[in-house]
Structure formats: structure tokens, C-alpha cells
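Please read it with the sequence and the structure at hand.

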Amino acid sequence: MPWNYSEKDPSHDILPSSNGTDFQPSVFILTGLRGLAGARMWLSPLLSLMYIITLAGNCTLLYLVKIERSLWEPQYLFLSMLAGADIGLSISTLSSVLKVFIFGHHEIAFDGCLSQLFFIHTFSSTGSGILLSMAFDRFVAISHPLHYTTILTHPRITKMGLAAFVRGIALMTPLPILLKRLPFCKGQTLSYSYCLHPDVMKLACGPVKINIFYGLVLVICSFVVDSLLIVLSYSLILRSVLGIASREGQLKALNTCLSHIFIVLIFYIPHLAITLLHRISRKSSPLTHAVLGNIYLFMPPMFNPIIYSLKTKQIRAALQKSLKVKRILGKAKMTDLWRKLNGDEKQYTFFTAVHGNPVGLPPPPSMGLISVLDLVWTPGQFQSGAAQDA
């Protein structure tokens, strides 16, 4: 695919008039895939479709868990919390990403950028904490199945979800505060179509050691600790699985973990890659930054509901049941409307012309056979005919 480094950098139009050492820009400049010729032509519909799939899939999961009592189990309650975090993450970036790729507007206000990075990092940390809770859920389900419902009660599940969310807020609140105090003298152009703390910090000058240290603390206290505890959980799970006598039982136990393992890998591998990329940013191209950044942002929220829907029979059954109920309710409403016609020949003709015969009821006894002309009678013709009869 062709490279195009001659494309105009939008940051050239907005440069600080200050001479440099103590400047806080009014805007930052977001980037898409400027190194790739014609990227907006195919990325705009692709990203729009990904947002639609992400929001529709996660909202559907939340809806199914809410209405279907068979999904009121710890595993699915944690999954609904993860769906909520994914929705929050997607909404946090929706405006800036679509503005860059669809409308070609690259500016984001300084304060808006700080707010966006706070929400992105908060929901990412929350998702990591919920993935850890889901690993604990699998450990209890496999290692202590008889005590599963007594250990993971609904109040305890709620507290675990709230703890992940509160931890995210508490850890990420200092980020915009620490960035707000810094001057920026290394330009205004960011590497992505949204704001991240390491990306904004690299443009700052002055005492950035506190930001670097606190960023490292954040990574360790959230993502590193969570990933290590997830690995520990699966080590204990594997030990319990190997203690099962039958091979069929072992495979069945491991199969219940596959969906969670997939989404853990989808979540942590891009996050690890983008973290390492910021450490070796001088050796990597801007396009690599942009591609990995978009994968890190879009892939986990989009694939989480898809993976669980494909791998989990209970979710598929709940979805089929919900669609079937809606069809039945729709048919019942049409039947009630049909019966309210009360044998009115003209009303019956008009209704049939518009809606067909969805429930297969016969015409009113007083009507007899319906002519073809009656069945294709349009509402306008019906009204004019009714007026003439009147």
C-alpha cells in the first residue's frame, strides 16, 4: 500500500505564537493515518461500522442480562459490567475519532483532551479490573463448584464491580491535574485520533519526572497487577482441571474458560504493544503508532460481545428467545388490531392493503370474497372513496 509523507500536517496551521518555554496550547492536533494515502476513504465507513457493532453488541448484552433470569449468574453479571465499561470507552472516543476520519477536523481543545484521556484510562482500568474479577469467577466455578453461589453472591459481585470502577477513577484523577501544570513546548501534534496520557506528556517540557513516575505507578497498580493475578488464577484453575479424573470433564471445564481467555488476550496484547511502543518511539514509524493505537482502542470492545455470543450457549439461547418473544408480541398486537375492526368491510380492506394478512384471520362474515382491486387499494384511494360514499 502506498505511503504518502508529503501530505500536509494540520499542525502547521496552528502553531504557538509564543517563543516556547512556557506555553499551554489552546488546542492539540489529532492525527489519523496521515502516512497512508487515501486512508479516510476506507477508514471512515469502517470505523463507523465498528462503532455501530460495538455499541449494538454491548447494549444487546446488557439488555439480555437484564431481562433474562437465566443470565443472572456471576459470569454473566461480570460480563454485563465489562460491556458497560466497553460502552463508556467507545463513547469517550466517538466524537474525536469520527471527527478526524469523517470530517477531517483534527483539533481538540486542551481541556477536552485532558477530559478524554481521563475517561479513556478510567474505563480501560475498569475493564482490566473486571477481567480480573471474571478470572476469579472461573477459578471459583472450577475449583470450588459447591460453594460457587455462596462465595459469589449478588452483593459481593456488585462490590467487586464498584471496586474496579472506583479504583479506575482514583488512579486516573491525578493525570489531567499533573498535565495541567506543565508547559508545552514540543509541538501540538498527537500520535492518535484521541488523547492518551503518554502521548500528551511527550509534548510537555519542564518537570515531567513526576508524570513519568506516576504513569509507571498506574501501569503497575492496574494492568500489571491485574494481568499477574489473572495468570495466577489460571495456574490454579489448570491445577484443579488436572485433578479431574475424566478427560471429558477436563475439556468441559477448560471450555468454560475459553471465551474469557480470548478477551484477556485481545485486551492485554494491544495494550502491552502500545506501552512498549511509547518506550521505543524513536525507532518506530508514526503509522505503526496510529495502527496499534486504533487496534488497542477498537478491538476489545467490539470483539467481547461477539466472542461471548459465539462461545456461550446461554447467551445465544437468550437472544433467540428475546427475538421470538418480540415476534409473538408483534403478532399478538396485530391480532388485537385485526379483531378491533369489528367486521367493518372497508376498514378490513384498508388494513389488508397496508399490512397484508400477518395472522391469517379470515375476512368479516359480511364481506365475502375480497377482490384484487380492494387488496391493492392505497390509503389515499380509500380516503377519497370514503369521502365519496359519505
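The second largest cavity of this predicted model is lined by Met50, Tyr51, Thr54, Ser90, Thr93, Leu297, Phe298 and Pro301. Helices α1 (39-67), α2 and α11 are the elements that each give two or more residues to that lining, and the cavity has a volume of about 50 Å³.

- The largest cavity is lined by 13 residues, of which Asp86, Leu89, Gly127, Phe267 and Pro300 are the closest to its centre.
- Two or more residues of this lining come from each of the elements α2 (74-103), α3 and α11 (286-311).
- The lining of the largest cavity is made up of nine nonpolar, three polar and one charged residues.

**Disulfide between Cys113 and Cys195**

- The structure holds two disulfides, and one of them joins Cys113 to Cys195 with a sulfur-to-sulfur distance of 2.0 Å.
- This pair links distant parts of the chain, since Cys113 belongs to helix α3 (residues 110-143) while Cys195 lies in the loop between α6 (174-180) and α7 (197-201), 82 residues apart.
- The link of Cys113 and Cys195 is left-handed, with -125° about the S-S bond, and both Cys113 and Cys195 are buried.

**Disulfide between Cys185 and Cys205**

- Cys185 and Cys205 form a disulfide in which the sulfur atoms are 2.3 Å apart.
- Because Cys185 sits in the loop between α6 and α7, and Cys205 in the loop between α7 and α8 (209-242), the pair ties together parts that are 20 residues apart in sequence.
- Cys185 is partly exposed, with a relative accessible area of 34%, whereas Cys205, with a relative accessible area of 12%, is buried because it falls under the 20% cut-off.

- When the bonded cysteines of the protein are numbered in sequence order, the pairing reads 1-3, 2-4.
- Cys59 is partly exposed, with a relative accessible area of 42%, and Cys221 likewise counts as partly exposed, at 36% relative accessibility.

Definitions and conventions:
Residues are numbered from 1 along each chain as its sequence is written. This is a predicted model: local features need pLDDT of at least 70, side-chain atom pairs count only at pLDDT 80 or more; totals for chains, interfaces and linings use all residues. Side-chain values use heavy atoms; hydrogens and water are left out. A disulfide is a pair of cysteine sulfur atoms within 2.5 Å. Helices (H or I, at least four residues) and strands (E, at least two) are DSSP runs, numbered from the N terminus. Buried means under 20% relative accessible area, exposed over 50%, partly exposed in between (1.4 Å probe, protein chains only). On a 1 Å grid over the protein atoms alone, a cavity is a set of points where a 1.4 Å probe fits but cannot get out, and a pocket is an open set with protein on both sides within 12 Å along at least five of seven lines; lining residues have an atom within 4 Å of a point. Ala, Val, Leu, Ile, Met, Phe, Trp, Tyr, Cys and Pro count as nonpolar, Asp, Glu, Lys and Arg as charged, and the others, Gly among them, as polar. Grid points are joined across faces, edges and corners, and a volume is the space filled by probe spheres set on the points.
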